[in-house]
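Visitor: Can you walk me through this one? I'd like to start with the pocket terms.

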Amino acid sequence: MEAPCHATPSPQLTQAPSRLHCKHLMAAFSCHLLTRAVVLALLLAATTSSAEKETHLRFYWHDVMSGASPTVARVAEAATTNASATSFGAVYAMDDPLTEGPDLSTSRFVGRAQGVYVCAGRDSLSLLMAMNFVFTGAGAGGAYYNGSSVAVLGPNRAAVEVREMAVVGGTGTFRFARGYCQARTYSFDAKTGDATVEYNVYLRHD
């Protein structure tokens, strides 16, 4: 009597499921690691975001060219500056007062804008601003910001009603500051060159 015939599995058939199983395990493990990495990144972002502060500052900047004590001085110019309708190439140094309100004589003093601006537009009046808003303890809430500063850099196009410039840094209360500021002309005297500009500064900082 012949012994029952048992089919012997092919080596290829026994190995294929094993390789497929390994691939599934590896895919599942990779997906798990990716999920954990995404969750960790989101948690870190949330922690960083929650640790940051947002601050809105509003004040008035006074650029005074007239009188016995001007707050801005022309320190350099190009050979062609005087022939330019936009004073292209002129460089000004400033130490302009900052106040809570638009009236320089009666408003509370809150700091100074110190830096330079350059007439950088050939066809239209456009200034390149590079300045620090340095705050003092004289204004409302100023004691908290006393000695702190915000660094601003960017174009200031005179023909635009609201000009936006970048905040590129800060010190003191505003360490690691970033954000932007918006400038809107409050008044300008074409005869003297005196200008008052409203600034709204929006910050994120430590």
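Guide: A pocket is found on a 1 Å grid over the protein atoms alone: an open set of points where a 1.4 Å probe fits, with protein on both sides within 12 Å along at least five of seven lines. Lining residues have an atom within 4 Å of a point. Grid points are joined across faces, edges and corners, and a volume is the space filled by probe spheres set on the points.

Guide: This is a predicted model, where local features need pLDDT of at least 70, side-chain atom pairs count only at pLDDT 80 or more, and totals for chains, interfaces and linings use all residues. Residues are numbered from 1 along each chain as its sequence is written, and side-chain values use heavy atoms, with hydrogens and water left out.

Visitor: What volume does the largest pocket have?

Guide: About 500 Å³.

Visitor: Which residues lie nearest its centre?

Guide: Leu125, Leu127, Phe188, Gly193 and Ala195, out of 20 lining residues. The lining splits into 13 nonpolar, 5 polar and 2 charged. Here Ala, Val, Leu, Ile, Met, Phe, Trp, Tyr, Cys and Pro are nonpolar, Asp, Glu, Lys and Arg charged, and the others, Gly among them, polar.

Visitor: New topic. How many helices and strands?

Guide: The protein has 2 helices and 9 strands. These are DSSP runs: helices H or I, at least four residues; strands E, at least two; numbered from the N terminus.

Visitor: And how much of the protein is buried?

Guide: 30% of the 206 residues, with buried meaning under 20% relative accessible area (1.4 Å probe, protein chains only).

Definitions and conventions: Buried < 20%, exposed > 50% of the residue type's maximum accessible area, 1.4 Å probe, protein only.
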